[in-house]
Amino acid sequence: MLRLTFFLASLLGGVNLYLADDIVLQFLSGTLSVFSLGISIIWPEPLPPPPSPNLWSDAPEKKEREMKTCSNCGKAVDQKWSMCPYCSKRV
Ligand SMILES: [Zn+2]
């Protein structure tokens with residue numbers, strides 16, 4: 001459908017080029033004609049299907065980052081951290 005539209009536009013540009021007697025108009029319609037013809041040739045007709053909505057639903061659970069609790073304020077902090085971001089004490 002989109003390709004057909006571009007092909008039609010290039011056809012119209014060609015007709016314009018044939019009918020126009022102004023050099024600027026001729027140049028413009030020629031450019032439009034070549035451009036849209038090229039697009040109508042290289043445009044991929046079937047658009048790729050949208051990804052299924054449940055694509056990421058069964059991601060592995062073990063990617064969850066490991067946590068530990070701060071010994072001072074009891075909040076959960078990342079395993080790699082040596083200082084608590086909440087109370088600035090060593091964990
Ligand atoms: Zn803390």
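Modeller: This is a predicted model. Let me begin with E45: it has 9 C-beta neighbours inside 10 Å, so it counts as exposed.
Biologist: Okay, and where is E45 found?
Modeller: E45 sits in the loop that runs between helix 2 and strand 1 (67–69).
Biologist: How far apart are E45 and R3, in sequence and in space?
Modeller: In sequence, 42 residues separate E45 and R3, while their C-alpha atoms are 7.0 Å apart in space.
Biologist: Nice. Switching to helix 2: which residues are buried there?
Modeller: Those would be S29, S33 and S36. Viewed down the axis of helix 2, the buried residues fall within an arc of 85°, so they line one face of the helix.
Biologist: And what does the face turned away from that buried side carry?
Modeller: Exposed residues, including I23, V24, F27 and T31, and also G38, I41 and I42.
Biologist: What span should helix 2 have, and how far apart are its ends?
Modeller: Helix 2 covers residues 23–42, and at 1.5 Å a residue its 20 residues should span 28 Å. The end C-alpha atoms are 29 Å apart, which agrees.
Biologist: Let's zoom out. How many helices and strands does the chain have, and in what order?
Modeller: There are two helices and two strands, running α-α-β-β from the N terminus on.
Biologist: What share of the residues counts as buried?
Modeller: Of the chain's 91 residues, 7% count as buried.
Biologist: Last one: what about contacts between residues at least 6 apart in sequence?
Modeller: Among those contacts, 22% join residues at least 24 apart.

Note on methods:
Residues are numbered from 1 along each chain as its sequence is written. This is a predicted model: local features need pLDDT of at least 70, side-chain atom pairs count only at pLDDT 80 or more; totals for chains, interfaces and linings use all residues. Helices (H or I, at least four residues) and strands (E, at least two) are DSSP runs, numbered from the N terminus. The expected span of a helix is 1.5 Å times one less than its number of residues. A residue is buried if 20 or more other C-beta atoms lie within 10 Å of its own, exposed if 12 or fewer, and partly exposed in between; C-beta atoms are placed from the backbone. The arc is that of the directions from the helix axis to the C-beta atoms. Two residues are in contact if their C-beta atoms, placed from the backbone, lie within 7 Å.
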